[in-house]
Amino acid sequence: MASNRQGRINDEMQKELAVLIRSLKDPRVQSTMVSVTGVRATPDLRYAKVYISTLDKDKAKDVMKGLKSAGGWLRRELGSRLQLRYTPELVFEEDDSITYGAHIADLLAKLDIRHDDED
């Protein structure tokens, strides 16, 4: 029987990290809205990439620095909330998929307008 353990762990880490990031007191992280868009852990649970999206793109680099600075605390809190043998080391990456999706939607809307004009 196949199980989706890796996916369940990724989802649980994403939920817990979203709660933990909201409770950070670092002004670099509190300055804008931060969303955890995804978590991808390695199969051995030694490392996990955490994909972060920010509302204000100008402050994204400061947010990433703040999260990297708080990485040890986040890992310790995550380890106490999730009962895993190994708590993965967190690697934060900026996720631009929301911006990319909006760009593609704009391009498709422009194509649709041109198609309507031809008819």
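Predicted model: local features only at pLDDT ≥ 70, side-chain atom pairs only at ≥ 80, totals over all residues.
Let's start with the strands. Three of them form an open sheet in the order E1-E2-E3, and their pairing is mixed. E1 and E3 stand at the edges with a single partner strand each, so one side of each has no neighbour in the sheet. On average, neighbouring strands here are turned by 30° against each other, direction ignored.

Strands of a sheet pair through backbone hydrogen bonds, in either a parallel or an antiparallel way. E2 and E3 pair in the parallel sense, over six bridges. If you look along E3, you will find Val91 opposite Lys49. Helix H3 lies across E1, E2 and E3, and runs at about 180° to E3.

In soluble globular proteins, nonpolar side chains tend to be buried together. The largest nonpolar core in this model has 24 residues, and Ile52, Leu67 and Leu74 touch the most other members. At least two core residues come from each of H1, E1, E2, H3, H4 and E3. H1 gives the most, with five residues.

Beyond its neighbours within four places in sequence, Leu74 is in contact with Leu17, Leu20, Ile21, Leu24, Leu67, Leu90 and Phe92.

## A loop residue to look at

Between E1 and E2 there is a loop, and Leu45 is found in it. Most residues other than glycine have a negative phi. Leu45 is not a glycine, yet it has a positive phi of about 60°.

Is Leu45 buried or exposed? Its relative accessibility is 6%, and buried means under 20%, so Leu45 counts as buried.

Technical notes. Residues numbered from 1 in each chain as written. Heavy atoms only, no water. Core = buried A, V, L, I, M, F, W, Y, C linked by side-chain atoms within 4.5 Å. Buried < 20%, exposed > 50% of the residue type's maximum accessible area, 1.4 Å probe, protein only. Helix = DSSP H or I, 4+ residues; strand = E, 2+ residues; numbered from the N terminus. Contact = heavy atoms within 4.5 Å. Pairing = 2+ DSSP bridges. Axes fitted to C-alpha atoms, helices over the stretch in contact; angles between N-to-C directions.
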